Amino acid sequence: MIAAWMAQYDTLGEPRCGSADDAHAAAWLRDAAGADATLHAWPVRRIVARNCWVELDGARIAAEPLFDAPPLSGPVAGALGAFGTDCSVGWEKVHPGGASLPGQSIAQRRAASTHAAIIFATGDAGIAPLNAPHFPDVFGPPVVQVAGDAAPRLEAAQRVRLLSDYVREDAQSANVEATLKDAPDALVLTPRTSWFTCTAERGGGIGIWLDLLHRRAAAHFLATGGHELGHLGLKQAMARGLPKARLVLHLGANLGCAGDARLMIRSHDPGLAEALATALADAGYPRDAITANPPGPVGGEAHEIAHAGLPFLSMIGANPHFHDRADRLANLDVARVALMSEAAAKVISGTDAAPRERHRA
């Protein structure tokens, strides 16, 4: 079934939070989950770009606004130089994961910037937008994003003209929720929205989520909207109150990505992370691609779970097409998604039989 679900997911459009494709994808996931699943809708003031571009030597480059930066009511023109210099407009090539959590270096530098506007070149052949952890708030100068392959043109230019004009519209997104009786005491969590289709970024986690639900491998399931906008859907669910489960299994980005097998596993309990790494290797996942308990902050929605002091286990992968329109079905290894689900089910079953004290944060 995972292969069929992923083929369907790849046809659902671009489920950007608050869009028509977001609503369509939420309804599809609810229906694929079955009779136990429901939708919980919540409001969002989505950003809709009206006119966003960068102009170099009279030629315009398509751009996207950064969703936690202010708009421009009219074009800005001036000297162009490296981000952080005294030029009117600063630019830099950035990794699309450079704004996954609040307080990262890019955000700190934006907040301190004196530029009239900033340009970020993201991704490779196409725009790969940065997330907006501070949404719906804005800070720093206006920021536009262009494709990474525009970087040589930006480096060569001395002057630039740009515009980042957007409006906010009332919309809604939704979380998909399910509770099963007589199943292991765990909550399986995955985000379900993204900038573009992002089949490997989001699809792997959704495929595992659906497979574990149909296996009845856990008692509680939550798929959240608004991942790219500061994890809004999870914050909505936490405000309502999460189920009091023994463990939250976070299925993060890029699980089963065909283009990069690297996988990071984190947990409140280092032994639990090692147990999942062992279960994955036993199921056939390449052991040398797995890093259990790496240094650094907990990522994705697991960041909110860890901050709340809840017991968690998190998997996050890597992706050469992260946040890019090129991330489609061919970039997903469905066989690896299936073995990841097998390993996760094994670990959830083991933790359900363990004493509760072991999993306190």
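# Briefing: the fold of a 361-residue chain

A compact globule of 361 residues would have a radius of gyration near 21 Å, and the chain agrees because its value is 21 Å. The radius of gyration is taken over C-alpha atoms, and the globule rule is 2.2 Å times the number of residues to the power 0.38. This is a predicted model, in which local features need pLDDT of at least 70 and side-chain atom pairs count only at pLDDT 80 or more, while totals for chains, interfaces and linings use all residues. Residues are numbered from 1 along each chain as its sequence is written, and side-chain values use heavy atoms, with hydrogens and water left out.

**The whole chain**

- The chain has nine helices and 14 strands. Helices (H or I, at least four residues) and strands (E, at least two) are DSSP runs, numbered from the N terminus.
- The C-alpha trace spans about 65 × 40 × 35 Å along its principal axes.
- Of the 361 residues, 59% are buried. Buried means under 20% relative accessible area, exposed means over 50%, and partly exposed lies in between (1.4 Å probe, protein chains only).
- Among contacts with a separation of 6 or more, 82% are between residues 24 or more positions apart. A contact means heavy atoms within 4.5 Å.
- The accessible surface comes to about 14,000 Å², and carbon and sulfur atoms hold 52% of it. Accessible areas come from the Shrake-Rupley method with a 1.4 Å probe, and for residues only the protein chains shown count as cover.

- Strand S9 covers residues 186-191, and six of its six residues are buried.
- In a regular strand the side chains alternate between the two faces of the sheet. In S9, Ala186, Val188 and Thr190 point one way and Leu187, Leu189 and Pro191 the other, and all are buried.
- S9 runs parallel to strand S10 (residues 220-224), with five bridges between them. Two strands pair if DSSP finds at least two bridges between them.
- Leucine 187 stands opposite valine 248 in S11.

**Helix H6**

- Helix H6 covers residues 232-240, and its buried residues include Leu232, Gly233, Leu234 and Ala237.
- The buried residues of H6 pack against strand S1 (37-56), strand S8 (159-179), S9, S10 and helix H8 (302-307).
- Glycine 241 follows H6 and has a positive phi, near 115°.

- S1 and strand S2 (residues 59-62) run antiparallel and are joined by four bridges.
- Leucine 56 has alanine 59 in S2 as its bridge partner.
- The two strands form a hairpin with two residues between them, and aspartate 57 in the turn has a positive phi of about 50°.

- Phenylalanine 135 and proline 136 are joined by a cis peptide bond, with omega about 10°. Proline 136 lies in the loop between strand S6 (117-122) and strand S7 (143-147).
- Aspartate 182 has phi near 55°, a positive value in a residue other than glycine. Aspartate 182 sits in the loop between S8 and S9, and it counts as exposed because its relative accessibility is 83%.
- Asparagine 293 also has a positive phi, near 55°, and is not a glycine. Asparagine 293 is in the loop between strand S13 (290-292) and H8, and it counts as partly exposed because its relative accessibility is 29%.

**Two further loop residues**

- Cysteine 257 is in the loop between S11 and strand S12 (263-267). Cysteine 257 counts as buried because its relative accessibility is 0%.
- Leaving aside neighbours within four places in sequence, cysteine 257 is in contact with Ala200, Ala318, Asn319, Pro320, Asn331, Asp333 and Arg336.
- Glutamine 158 is in the loop between helix H4 (151-156) and S8. Glutamine 158 is exposed because its relative accessible area is 65%.
- Not counting residues up to four places away in sequence, glutamine 158 touches Gly78, Ala79 and Leu80.
- Glutamine 158 and arginine 168 are ten residues apart in sequence and 33 Å apart in space, C-alpha to C-alpha.
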